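Here is a short briefing on one protein model. Please keep the sequence and the structure in view while reading.

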Amino acid sequence: MNDPGRPPLDVPAGRLVAGTRITGLIGSGSWGSVYAAEELADGAPVAVKFLRPDQLTPGQRRTMAELVEREVRFSRQADHPGLVRTLRTATLDEPDDPPLDGAVVLVMERAERSLQDLLAATAPHTPVPEAERLLTEICAGLAHMHRHGWVHGDLKGANILLMPGGAARLADFGLTAELEGTHAYVPPLGSPDHVPPEWWSQRAGSRGVPLRPGADVWAFGVLAHQVLSGGLHPFPGATARARSLAAQSYARGASPLRLDQSVPERWRGLITACLAADPAERGRLDAAELLRRVSLTAGPEAGCEVRRRRPRRTVPLVAGALALALAAGAAALAGTLLPGGGESPPPPAATATSGGQGGQSGQSGQGGQSDQSGQTRPAGAIPEGSDVPVALREVITGTARRCPEPEVTPALLAAMLKAESGFDAAAARPQSDEYGIAMWTPAVFNAWAQDGDNDGDRDYMSAPDAIVSMGNYVCWLDQQFKHRGLSAGLPALVVAGYRTSDKTVADAGRVPDRVRPHVDQVMKYLAEYTG
Ligand SMILES: Nc1ncnc2c1ncn2[C@@H]1O[C@H](COP(=O)(O)OP(=O)(O)OP(=O)(O)O)[C@@H](O)[C@H]1O
């Protein structure tokens with residue numbers, strides 16, 4: 001959106017900024033301008049966002065400094081296919097060019113357009129093209145943020161970018177905040193059409209207004225309604241102010257929720273749940289559960305769309321190509337550089353303590369075992385003479401090493417892969433929507449995906465991508481269970497969690513019966529590998 005009060009920053013085409021050459025203005029928002037540019041190094045298209053401090057009152061400067069800090073901090077950590085990537089950031093030192101001097105720039109991957117543009121181009125009462133796929137991808141990005149303890153805080157069409165291949169990515173992290181317990185705190189800014197009704201009655205303290213994950217869930221409900229009905233807001237009114245008053249009236253119970261009749265029947269319950277008037281009720285719908293329900297509601301068609309962007313490899317990988325991909329994966333694991341130039345952010349796992357409570361395997365990564373040749377190998381390592389394909393061993397081992405939890409060993413990951421697919425990278429079970437060596441369900445994969453072979457995409461049919469992503473998820477499961485106080489038989493619980501969900505296993509406090517045969521199978525393989 002253009003802010004009529006502040007003229008867009010004028011950066012001429014051809015200007016060199018932060019390793020890019022500016023080619024033209026894309027648009028301006030309340031706090032800055034975004035320009036199209038190309039990388040000086042290789043001509044790759046990028047977008048450069050300028051957040052500038054000029055023309056602001058001291059109070060605005062403070063708010064902006066906070067927004068910039070949030071945007072930079074979160075952008076640097078955003079490493080997920082559902083989030084726009086920031087390649088690097090810089091503060092401009094341009095004393096001869098006052099408007100630019102001191103501006104913070106973010107060099108980002110360039111999108112084709114925003115979801116808002118798509119909504120504006122769609123006729124009312126009709127869904128935008130590929131509506132369900134887009135909603136699934138948006139929700140996967142949101143679930144990833146929530147899983148890491150972040151609330152987006154400004155989810156709306158203008159902040160969802162559509163990439164050249166059509167993928168939807170969340171952007172604009174200026175109001176993103178980290179949860180401290182049940183709340184986060186942000187400056188009292190927000191988009192009237194997407195903030196929940198309780199937002200209007202909250203008092204701003206010295207740290208700003210409290211923000212709960214449920215605010216994102218509400219915004220997702222509004223967005224889902226818009227995407228499925230050609231941009232129509234779920235609450236009536238010609239202006240954002242009128243619509244927000246209608247939402248508050250609904251929240252007080254003074255008027256019913258009336259979704260547009262064009263919203264498909266199967267989505268109505270889910271949107272209604274997202275738009276629960278009671279924040280506590282809405283809060284019970286966490287983003288992981290929301291993603292599960294969105295994936296189910298969107299159905300296989302949306303999953304097919306997701307898959308189509310990453311064509312499946314139907315020809316078995318030749319050994320040489322696989323070795324190359326795996327070598328690249330190993331290199332990536334050895335020291336992936338953050339887009340911002342720093343080190344790779346820790347996987348969710350690395351932020352938690354290693355409880356060291358020991359699972360069934362009781363492996364600590366210390367000590368060792370003897371293999372057939374009588375040599376000592378690290379505990380939990382893949383034995384020399386095992387059936388684990390040699391080409392996979394390095395990536396499996398590297399993946400396990402990235403996880404600080406002692407239960408997550410190469411042998412455990414190998415045993416899981418064997419039980420999931422028999423190490424077959426082309427495996428597919430379409431009836432249950434599971435694919436690849438780690439039998440990922442595409443929508444779930446989207447939430448955990450990592451680029452294991454470092455080829456620039458994340459593909460569950462690529463063995464390194466699937467394995468590294470599995471390790472990331474398995475590590476997180478292990479930590480979740482420890483946080484819930486589960487300590488006995490952690491490897492089995494993790495295997496069960498991978499087959500069902502963290503919630504199912506944590507609630508049961510044990511391996512659920514329906515996955516018991518699978519878990520037993522994995523444990524048998526694990527015992528074989530660990531002797
Ligand atoms: N990485 C990107 N690639 C392509 N276009 C982008 C990118 N980031 C932002 N844009 C576009 O640039 C324009 C300005 O974005 P910006 O985030 O500054 O403001 P906004 O989101 O429109 O408004 P506000 O920040 O006031 O909510 C928008 O049209 C947005 O879609």
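**Briefing**

Gly-485 is found in the loop between H13 and H14. Helices (H or I, at least four residues) and strands (E, at least two) are DSSP runs, numbered from the N terminus. This is a predicted model: local features need pLDDT of at least 70, side-chain atom pairs count only at pLDDT 80 or more, and totals for chains, interfaces and linings use all residues. Residue numbers start from 1 along each chain, following its sequence as written.

- Gly-485 counts as exposed, because it has 9 C-beta neighbours inside 10 Å.
- The scale is this: a residue is buried if 20 or more other C-beta atoms lie within 10 Å of its own, exposed if 12 or fewer, and partly exposed in between, with C-beta atoms placed from the backbone.
- Gly-485 and Ala-506 are 21 residues apart along the chain, and their C-alpha atoms are separated by 9.2 Å.
- Helix H14 (residues 490–499) is mostly covered, with ten of its ten residues buried.
- Among the buried residues of H14 are Leu-490, Pro-491, Tyr-498 and Arg-499.
- The buried residues of H14 pack against four helices: H11 (410–421), H13 (463–483), H15 (502–508) and H16 (516–530).

**Strand S4 and its partners**

- Six of the seven residues of S4 are buried, so the rest of the structure largely encloses this strand.
- S3 and S4 run antiparallel and are joined by seven bridges. Two strands pair if DSSP finds at least two bridges between them.
- Glu-38 stands opposite Pro-45 in S4.
- A hairpin is formed by S3 and S4, with five residues between them. In the turn, Gly-43 has a positive phi of about 75°.
- S4 also runs antiparallel to strand S6 (residues 104–109), with six bridges joining them.
- Leu-51 has Val-104 in S6 as its bridge partner.

**Lys-49**

- Lys-49 lies in strand S4.
- The UniProt annotation "binding site", from an unreviewed entry, covers Lys-49. UniProt positions are given in the numbering used here, feature names are shortened, and annotations may be inferred rather than shown by experiment.
- Lys-49 is buried, because 23 other C-beta atoms lie within 10 Å.
- Leaving aside neighbours within four places in sequence, Lys-49 is in contact (C-beta atoms, placed from the backbone, within 7 Å) with Gly-32, Val-34, Val-105, Leu-106 and Met-108.

**Around the ligand**

- Of the 21 residues around the ligand, Gly-27, Gly-29, Ser-30, Val-34 and Ala-47 come nearest. A residue is near a molecule if its C-beta atom, placed from the backbone, lies within 6 Å of it.
- Strands S2 (20–28), S3 (32–39) and S4 (45–51) each supply at least two residues of the shell around the ligand.
- S2 gives the most to this shell, with three residues.
- The shell draws at least three residues from each of domain 1 (16–51 + 82–109) and domain 2 (113–308 + 318–331). Domain bounds come from an automatic or database domain assignment.

**A three-strand sheet**

- An open sheet of three strands has the order S7-S9-S10, with antiparallel pairing.
- Strands S7 (113–114) and S10 (168–170) stand at the edges, each with a single partner strand, so one side of each has no neighbour in the sheet.
- Strand S9 (residues 160–162) and S10 run antiparallel and are joined by three bridges.
- Leu-161 has Arg-169 in S10 as its bridge partner.

Technical notes
Two residues are in contact if their C-beta atoms, placed from the backbone, lie within 7 Å.
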